[in-house]
Amino acid sequence: MKLNHDLHVHTYLSACCGEKRRQTPSAAISLAEQMGVQTIGFADHVWANPDISPSDWYRPQDESQISRLRADLATVSTGIRVLVGCEAETIAPGQFGITLQFAETLDFVLLACSHFHMKDLVAQPESNTPRALAEHMLKFFRSGVSSGLATSIAHPLLPCGRLDEFDAAVDSISDAEFTDAFGLAYDHGVAIEITTGFLPADSQRPFSIETPVRFLSLAKRAGCKFTLATDAHSPEAQRRLPELARLTDAVGVTAEDMLLMPGTEGDTV
Ligand SMILES: [Zn+2]
Ligand SMILES: [Zn+2]
């Protein structure tokens, strides 16, 4: 299968982007063109929910992220498809960093349901056991796919800030629990992201590739659709897209398993 879309690209607008000069929308689109990518989706971090006070980190990353991105994109001409989305936050089950009205202004929303490194903002598991982390992640995931906000779940079940516990947490989740959770995603038409976050560099491998392969296979069996993601904050990261073949081949994901984007006719992302 040709890996011809990347639906999770950050730009200089994201506070965590260390490549403010190089990671412009225009440069990211040029690189996508060079790589033969047919659809690029921008997904900067955004907080757009007036009912919940954001953290200091999120506060400057408000709705103006999108107007600034759109202004940049207005100066770019390209033959590839460019989608405007965001990476939104789940701070606890039922509590999200964007509203439905805001989500409706975008082409897609990647909903993060495991940003547990944001300890001042995101609810933490009750204890430090793998099972407690697993149950916590499943609650966030189930809430995220049922929220009506998400197009796809960003780096699903990947416990940010606790990657060395990924194997043990996922091991503690039964196939039946996964099938149930992915069934809920299927019911709500929410896709599952396949991310280079599941492919850490060999020198710092805090978990096994078998861990995401196991649950992505269960997601496929549950009928879920998928989106591809480099979660790039730099051109080097964006170039990693072809590495996702390790995951799509292992899981047996084909073009038919890719998400059909709303508003497109017979055209997957
Ligand atoms: Zn994220
Ligand atoms: Zn991201």
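Trainee: Is the crossing of helices α4 and α6 left-handed or right-handed?
Mentor: The model is predicted, and the helix α4 in question covers residues 130-146. As α4 and α6 cross, the handedness is left-handed.

Trainee: How are α4 and α6 oriented to each other?
Mentor: The axes of the two helices lie 8 Å apart, and the angle between them is about 20°. Angles under 35 degrees count as roughly parallel. The relation of α4 to α6 is therefore roughly parallel.

Trainee: Which residues of α6 meet α4?
Mentor: On the α4 side, the contact is made by Leu138, Phe141, Arg142, Val145 and Ser146. The residues of this contact divide into six nonpolar, one polar and two charged. On the α6 side, the residues are Glu177, Ala181, Leu184 and Ala185.

Trainee: Which residues of α7 make the contact with α6?
Mentor: Helix α6 passes α7 in a right-handed crossing. From α6, the contact uses Asp175, Phe178, Thr179 and Phe182. By type, the residues of the contact are five nonpolar, one polar and one charged. From α7, the residues are Phe215, Leu218 and Ala219.

Trainee: Is Ala219 buried or exposed?
Mentor: Ala219 belongs to helix α7, residues 210-221. There are 29 C-beta neighbours inside 10 Å of Ala219, and 20 or more are needed to be buried. Ala219 therefore counts as buried.

Trainee: Which residues does Ala219 touch, leaving out those up to four places away in sequence?
Mentor: Ala219 is 34 residues from Ala185 in sequence, with 8.8 Å between the two C-alpha atoms. With residues up to four places away left out, those touching Ala219 are Phe182, Ile192 and Cys224.

Trainee: What is the phi of His155?
Mentor: His155 sits in the loop between β6 (152-154) and α5 (166-171). His155 is buried, because 23 other C-beta atoms lie within 10 Å. Most residues other than glycine have a negative phi. His155 is not a glycine, yet its phi is positive, at about 30°.

Trainee: And what is the phi of Asp231?
Mentor: Asp231 is placed in the loop between β8 (226-229) and α8 (235-238). Asp231 has 20 C-beta neighbours inside 10 Å and so counts as buried. Asp231 is not a glycine either, and its positive phi is about 50°.

Trainee: Is Thr75 buried or exposed?
Mentor: Thr75 is in the loop between α2 (64-73) and β3 (81-92). Its C-alpha atom is 34 Å from that of Gly144, which is 69 residues away along the chain. Because 8 other C-beta atoms lie within 10 Å, and 12 or fewer count as exposed, Thr75 is exposed.

Trainee: How many other C-beta atoms lie within 10 Å of Asp202?
Mentor: Asp202 is found in the loop between β7 (191-195) and α7. Asp202 and Gln38 are 164 residues apart in sequence, and their C-alpha atoms are 29 Å apart. Asp202 is exposed, and the number of other C-beta atoms within 10 Å is 6.

Trainee: Which residues does Ile209 touch, leaving out those up to four places away in sequence?
Mentor: Ile209 also falls in the loop between β7 and α7. With 14 other C-beta atoms within 10 Å, Ile209 is partly exposed. From Ile209 to Ser64 the C-alpha distance is 37 Å, over 145 residues of sequence. The residues that Ile209 touches, with those up to four places away not counted, are Phe198, Leu199 and Arg246.

Trainee: What is the radius of gyration of the chain?
Mentor: The chain has nine helices and eight strands. For 269 residues the globule rule gives 18 Å, and the value for this chain is close to that, so the chain is as compact as a globular protein of that length. The radius of gyration is 17 Å.

Trainee: What share of the contacts between residues at least 6 apart in sequence joins residues at least 24 apart?
Mentor: The C-alpha trace spans about 50 × 45 × 40 Å along its principal axes. Of the 269 residues, 45% count as buried. Among the contacts asked about, the share joining residues at least 24 apart is 77%.

Technical notes. Residues numbered from 1 in each chain as written. Chains lettered and ligands numbered in written order. Predicted model: local features only at pLDDT ≥ 70, side-chain atom pairs only at ≥ 80, totals over all residues. Helix = DSSP H or I, 4+ residues; strand = E, 2+ residues; numbered from the N terminus. Rg over C-alpha atoms; globule rule 2.2 N^0.38 Å. Contact = placed C-beta atoms within 7 Å. Left-handed = near helix turned anticlockwise from the far one by under 90°. Nonpolar A, V, L, I, M, F, W, Y, C, P; charged D, E, K, R; others polar. Axes fitted to C-alpha atoms, helices over the stretch in contact; angles between N-to-C directions. Parallel < 35°, antiparallel > 145°, perpendicular 65-115°, else oblique.
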